[in-house]
Amino acid sequence: MTEQTPQQLIEELDTLLDAERAALVSGNLQELEPLLAKKEAIITTLNTTADLEREALEHVQGKVSRNQVLLDSAMEGIRAVATRMAELRRVRKGLDVYDQSGRKTRFATGGTPSLEKRA
């Protein structure tokens, strides 16, 4: 196996970052895991390279930052969905109400659960 030059590694990382962005934008989050493994390997190799110039990495640094923002947004969306699903499960189990004296009463919901659709 031939050893890659630092510029070849940077170009490969640049390509991986573009693929990562495409996966994040399209919502194909399952594609991120193999990309992450390759990206970590390249970054590890670049970190051990002594003759690497900072200017060569500026372009990919911008892409890394951009992808991090997209990844944070995707995680925020996943957390919002998980919260909403937990709330739907809680409501499906029953409704808690309080009477005038402050006693809690649970009303069980019957029937088959359905999801309300809104326009």
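Predicted model: local features only at pLDDT ≥ 70, side-chain atom pairs only at ≥ 80, totals over all residues.
**Ground rules.** I number residues from 1 along each chain as its sequence is written, and my side-chain values use heavy atoms, with hydrogens and water left out.

**Entry 1: the core.** I started with the largest nonpolar core, which has nine residues: Leu9, Ile10, Leu13, Leu16, Leu17, Leu35, Ile42, Leu46 and Val60. Here a nonpolar core is a set of buried Ala, Val, Leu, Ile, Met, Phe, Trp, Tyr and Cys residues joined through side-chain atoms within 4.5 Å. Helix H1 (6-26) and helix H2 (32-47) each give two or more residues to this core. H1 supplies the largest share, five residues. I take helices as DSSP runs of H or I with at least four residues, numbered from the N terminus.

**Entry 2: H1 against H2.** Their axes come within 10 Å and cross at roughly 155 degrees. Axes are lines fitted to C-alpha atoms over the stretch in contact, and angles run from 0 to 180 degrees between N-to-C directions. H1 is therefore roughly antiparallel to H2, a label for angles over 145 degrees. By class, I found 14 nonpolar, one polar and four charged residues in this contact. Asp, Glu, Lys and Arg count as charged, Ala, Val, Leu, Ile, Met, Phe, Trp, Tyr, Cys and Pro as nonpolar, and the others, Gly among them, as polar. I also looked up Leu35: leaving aside neighbours within four places in sequence, Leu35 is in contact with Leu16, Ala19 and Glu20. Contact means heavy atoms within 4.5 Å.

**Entry 3: H1 against H3.** This pair packs at an angle of about 20 degrees, with axes 10 Å apart. H1 and H3 are therefore roughly parallel, which is the label for angles under 35 degrees. The residues of their contact divide into 12 nonpolar, three polar and six charged. Among those taking part are Asp14, Leu17 and Asp18 in H1 and Val60 and Lys63 in H3.

**Entry 4: Lys63.** Is this lysine buried or exposed? Lys63 counts as buried because its relative accessibility is 12%; the cut-offs are under 20% relative accessible area for buried and over 50% for exposed, with partly exposed in between (1.4 Å probe, protein chains only). Lys63 is found in helix H3 (residues 54-93). Not counting residues up to four places away in sequence, I see Lys63 touching Asp14, Leu17 and Asp18.

Methods:
Parallel < 35°, antiparallel > 145°, perpendicular 65-115°, else oblique.
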